[in-house]
Every structure is written in C-alpha cells, then in structure tokens.
Amino acid sequence: MPKGNNVMGYFFNVISLIGILLAVVATGLIIIFLSLEAMTGVEHPYLGVLVYFIFPAMLILGLFLVPIGAFQVRQQRRKLAPEEIPPYPVLDLNDQRKRNLFVFFILGTVIFVIIIALAAIKGYHFTESTNFCGKLCH
C-alpha cells in the first residue's frame with residue numbers, strides 16, 4: 001500500500017491531535033460533571049455554564065479540528081504525489097481496516113450526538129432555572 005493511502009497517517013499532525021485532545025478532555029469533563037451533579041443533586045450556576053455551554057463548544061471545536069488537520073495533510077501529500085493519491089478518498093467497505101474505521105466513525109458520531117443532545121437539553125433547563133437567573137444573571 002502506498003504511503004499516501006494510509007488513512008490513519010492523516011490524523012498524526014498538530015491540528016488533529018489538538019482537536020482529539022480537546023474532544024476527549026471535553027467529553028470526559030462533561031461526563032464527570034454531569035455524573036457529579038446527578039449523584040449530589042447540587043447545581044452550581046458557574047459549573048452549569050461550563051458543563052452546558054463551554055465544554056460542549058470545546059467538544060465541537062475539537063471535532064472540527066480533527067478533519068481539518070487530516071485534510072491539510074492529505075492535500076500536502078497529494079501535491080507531492082498526485083498520481084498515488086486520488087482526488088477523493090476511496091471508501092471500500094470490503095477492506096477490513098476501512099470498514100473498522102467507518103464503524104468507529106459512525107459509533108463516535110452517535111455518541112457525540114447523544115452527548116451534545118443531553119448537554120443541550122440540560123443547558124436549556126439550566127437557563128430556565130431560578131438558580132441560573134437569580135445567581136448568575138442578576
């Protein structure tokens with residue numbers, strides 16, 4: 001397999017790695033703080049801003065940075081060897097590695113949508129609470 005077709009190699013760059021780090025840290029913090037809030041029942045307004053607005057934004061930013069970095073690396077490699085790398089990525093689900101990456105992408109997307117949906121719903125309820133309006137806004 002030519003070097004240009006190594007899909008995983010596209011993600012080993014500074015931009016993508018920063019995106020992965022942001023996404024993993026944000027997801028971990030969302031899960032930890034939502035679990036802590038569920039176990040204790042205590043809602044702190046400033047912590048709510050972090051959990052429902054800042055961390056999900058950090059997660060989305062991180063997930064946008066990953067393909068941006070990969071795209072830049074692919075474009076650089078394509079300039080060096082345009083005959084080896086086709087203009088568009090090849091999605092061959094008969095190849096075990098590409099099928100595993102595809103399944104990982106789909107599962108990751110589902111988990112991402114669930115986390116963002118939960119944060120959005122909880123964030124909406126948080127902004128409607130007296131805890132938010134009474135302690136944070138006024």
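1. Charge comes first. Lys and Arg count as positive, Asp and Glu as negative, while His and the chain ends are left out. On that basis the protein carries 10 positive and 7 negative side chains. The centres of these two sets lie 7 Å apart.

2. Keep in mind that this is a predicted model. The values below are computed from it.

3. The fold has four helices and zero strands. Read from the N terminus, the order of elements is α-α-α-α.

4. Look next at the overall dimensions. The C-alpha trace spans about 65 × 30 × 20 Å along its principal axes. The radius of gyration is 20 Å, whereas a compact globule of 138 residues would have one near 14 Å.

5. Now consider contacts and surface. Of the contacts with a separation of 6 or more, 76% join residues 24 or more positions apart. Buried residues account for 27% of the 138 residues. The protein exposes about 9400 Å², and carbon and sulfur atoms supply 74% of that area.

6. Glu37 sits in helix H1, which covers residues 14–40. Is Glu37 buried or exposed? Its relative accessible area is 13%. Buried means under 20%, so Glu37 counts as buried.

7. What does Glu37 touch, not counting residues up to four places away in sequence? The partners are Val42, Glu43, Tyr52 and Lys122. By the charge rule above, Lys counts as positive and Glu as negative.

Note on methods
Residues are numbered from 1 along each chain as its sequence is written. This is a predicted model: local features need pLDDT of at least 70, side-chain atom pairs count only at pLDDT 80 or more; totals for chains, interfaces and linings use all residues. Side-chain values use heavy atoms; hydrogens and water are left out. Helices (H or I, at least four residues) and strands (E, at least two) are DSSP runs, numbered from the N terminus. The radius of gyration is taken over C-alpha atoms; the globule rule is 2.2 Å times the number of residues to the power 0.38. Buried means under 20% relative accessible area, exposed over 50%, partly exposed in between (1.4 Å probe, protein chains only). Contact means heavy atoms within 4.5 Å. Accessible areas come from the Shrake-Rupley method with a 1.4 Å probe; for residues, only the protein chains shown count as cover. The place of a charge is taken as NZ of Lys, CZ of Arg, CG of Asp or CD of Glu.
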